[in-house]
Amino acid sequence: MATVRKALPRRLVGLATLRAVSTSSVGTLPKRVKIVEVGPRDGLQNEKMADHAEVLKGIQKFPGINYPVLTPNFKGFQAAVAAGAKEVAIFGAASELFTKKNINCSIDESLQRFDEILKAARAASISVRGYVSCVLGCPYEGKISPAKVAEVTKKLYSMGCYEISLGDTIGVGTPGAMKDMLSAVLHEVPVTALAVHCHDTYGQALANNLTALQMGVSVVDSSVAGLGGCPYAQGASGNLATEDLVYMLTGLGIQTGVNLQKLLEAGAFICQALNRRTNSKVAQATCKL
Amino acid sequence: MGNVPCAVKQCLSYQQLLREHLWIGDSVAGALEPAQESAQLSGFPEYVKIVEVGPRDGLQNEKVIVPTDIKIEFINQLSQTGLSVIEVTSFVSSRWIPQVAAGATEVSVFGAASESFSKKNINCSIEESMKKFEEVVKSARHMNIPARGYVSCALGCPYEGNITIQKVTEVSKRLYGMGCYEISLGDTIGVGTPGSMKKMLESVMKEIPPRALAVHCHDTYGQALANILTALQMGINVVDSAVSGLGGCPYAKGASGNVATEDLIYMLNGLGVNTGVNLYKVMEAGDFICKAVNKTTNSKVAQASFSA
């Protein structure tokens, strides 16, 4: 496989002047944030995922890195296990209509299906991550109550998900809504088991993430190069770019363990392969194209 | 996430949700809907004044030269949106009399917290620039014309790199002391992050009251809204932005510059902060100018709303 690499300029003005500022200056922020990279799945989902087994088997699996795979149903789960998956992800939603349109059943029915997966996963020592869609708004129901989000999240947690990622699926959320929603969820689930998955469709992702961090959340989902548009508004952006997230966290003095330069290279690689421009502002600023 | 077809755009509930966020159509411009009042968080200003810099800062940094009649139409459209401050143009001259003769009701002076930037930009040291500004501001005040001060490189300089908060404070204080009614602190190359914004503001606010301060955040590294949010939490209630995010960054080719007014208003609306501005009308003005300069908007709200 030909490796197409563009030499990125080393003189990155922003990065060179980036000086980590003590986290104590912005109130209580986590010292370390885990970034969950969803680019290869969520980002590329618009492309086919039919080669899932081949991909999972073909990649180098480095120690210390988790490679979760999405398993919407039990059959998928079994196939994932057969292909060597050690961690799987299941997708719930805080909206009845969204659940109906997405997987053709009610929230309760979906949770029953997930329970089956969770039981089998526990027996096979496989970790399960839960996702809750539409936490700040639903394309079908409109407003979603924080209480509903808390209820679904609590159920997934008590069923055995080690972590629940709260997703602003259509990116409509703003810091106030994020705070209200998290306040409700934090009554039911410990902050250590929570993550946020903010879409940048209305440019609010980083501000929403900052709010979540200020409330103690220390796991954030993002997608390199901001891969993955929004299926609900043609031409609009979707995922938050990992590069831009890492930039903010680094500036805040929060540890991520991620090398931004290498991330930029991976982003450049996939954008070239997809023949598209990056959605990351950091990448745009540092690439002299 | 999910495999739902695009037809959802037509869904009434989605339209309703967006209407509440974007305040499209029948909402009175700027009026807080009853449902929004409870959403207003503590720790944020009740009202934020948006200073629209698109016609000057924005167009100045676009490649295309915009014909005069287009500029005038653009500004006229912005005047219908509820914006109370629109930076219209620039008279780049140390002699400010032409501005007054042309009917200017406010003048701006541009300082910098970096010696190198000052030298490269206006060919003099910070001290020399302050002396010139003093003359301008003094004369302006004599004629009851308010003067706004800008401090460039408040969070970093393309030439010097890090800028000390002491220097930013010193320059800001100087501009305020000579009579500028408001000081706009500019993250000129957009390198700031919430931590550095907070530290800088803490220092400046020891010398200048927050009501006399504004922030001018560039979105070159995607940090603008997060930085603005931080500034708001600290009591700042004046924010500069440019419709459609007009104006690239002259220091990083292809990079973005100003934060888009639409995206800013979206966030403020969601926070229940009053702005007096009709987002939909701003989007229309943005659509107009983008077509006129033949460029795609930098506003994500516009991208999501004006989908093909």
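1. First, the caveat: this is a predicted model. Everything below should be read as computed from that prediction.

2. Chain A overall. Chain A has 12 helices and 7 strands. Of its 289 residues, 55% are buried. If you take the contacts in chain A with a separation of 6 or more, 75% come from residues 24 or more positions apart.

3. Chain B overall. Here I count 13 helices and 7 strands. Buried residues account for 57% of the 308 residues in chain B. Residues 24 or more positions apart make up 76% of the chain B contacts with a separation of 6 or more. The accessible surface of chain B is about 12700 Å², and carbon and sulfur atoms hold 51% of that.

4. Helix α7 of chain A. This helix covers residues 146-159, so 14 residues, and its end-to-end C-alpha distance of 20 Å is close to the 20 Å expected at 1.5 Å a residue. Which of its residues are buried? They are A:V149, A:A150, A:V152, A:T153, A:L156 and A:M159. As a reminder, an α-helix has 3.6 residues a turn, so residues three or four places apart point the same way. Have a look at what the buried residues of α7(A) pack against: the helices α6 (107-123) and α8 (175-186), plus the strands β3 (87-93), β4 (127-133), β5 (163-168) and β6 (194-198), in chain A. Just after α7(A) comes A:G160, with a positive phi of about 125°.

5. Is A:S223 buried or exposed? Its relative accessibility is 0%, so A:S223 counts as buried. Leaving out residues up to four places away in sequence, A:S223 touches A:E37, A:V38, A:G39 and A:G43, and also A:N239, A:L240, A:A241, A:T242 and A:E243. A:A225 lies in that loop between β7 and α10 too. Its phi is near 65°, a positive value in a residue other than glycine. A:A225 is buried as well, because its relative accessible area is 0%.

6. B:N144, for the phi list. B:N144 also has a positive phi, about 60°, although it is not a glycine. You'll find B:N144 in the loop between α7 and β4 (147-152) of chain B. Buried or exposed? With 70% relative accessibility, B:N144 counts as exposed.

7. α6 and α7 in chain B. Two packed helices are described by the angle between their axes and the distance between the axes. For α6 (residues 115-122) and α7 (residues 126-142) of chain B, the axes come within 9 Å and cross at roughly 60°. These two helices are therefore oblique to each other. On the α6(B) side the contact uses B:E115, B:S118 and B:I122, and on the α7(B) side B:I126, B:S129 and B:F133. Sorted by class, that is 3 nonpolar, 2 polar and 1 charged residues.

8. B:F110, worth a look alongside point 7. B:F110 is in strand β3 (residues 107-112) of chain B. Its contacts, not counting residues up to four places away in sequence, are B:R56, B:E87, B:I122, B:F133, B:Y150 and B:S152. Among those, B:I122 and B:F133 also take part in the contact between α6(B) and α7(B). B:F110 counts as partly exposed, because its relative accessibility is 34%.

9. α11 and α12 in chain B. Helices α11 (residues 261-270) and α12 (residues 279-292) pack at an angle of about 170°, and their axes are 10 Å apart. That makes α11(B) roughly antiparallel to α12(B), because angles over 145 degrees are classed that way. From α11(B), the residues involved are B:T261, B:E262, B:I265, B:Y266 and B:N269, and they meet B:L279, B:V282, B:M283 and B:G286 of α12(B). By class this contact has 5 nonpolar, 3 polar and 1 charged residues.

Technical notes: Residues numbered from 1 in each chain as written. Chains lettered and ligands numbered in written order. Predicted model: local features only at pLDDT ≥ 70, side-chain atom pairs only at ≥ 80, totals over all residues. Heavy atoms only, no water. Helix = DSSP H or I, 4+ residues; strand = E, 2+ residues; numbered from the N terminus. Buried < 20%, exposed > 50% of the residue type's maximum accessible area, 1.4 Å probe, protein only. Contact = heavy atoms within 4.5 Å. Axes fitted to C-alpha atoms, helices over the stretch in contact; angles between N-to-C directions. Parallel < 35°, antiparallel > 145°, perpendicular 65-115°, else oblique. Nonpolar A, V, L, I, M, F, W, Y, C, P; charged D, E, K, R; others polar. Areas by Shrake-Rupley, 256 points an atom, 1.4 Å probe, with all protein chains shown as cover.
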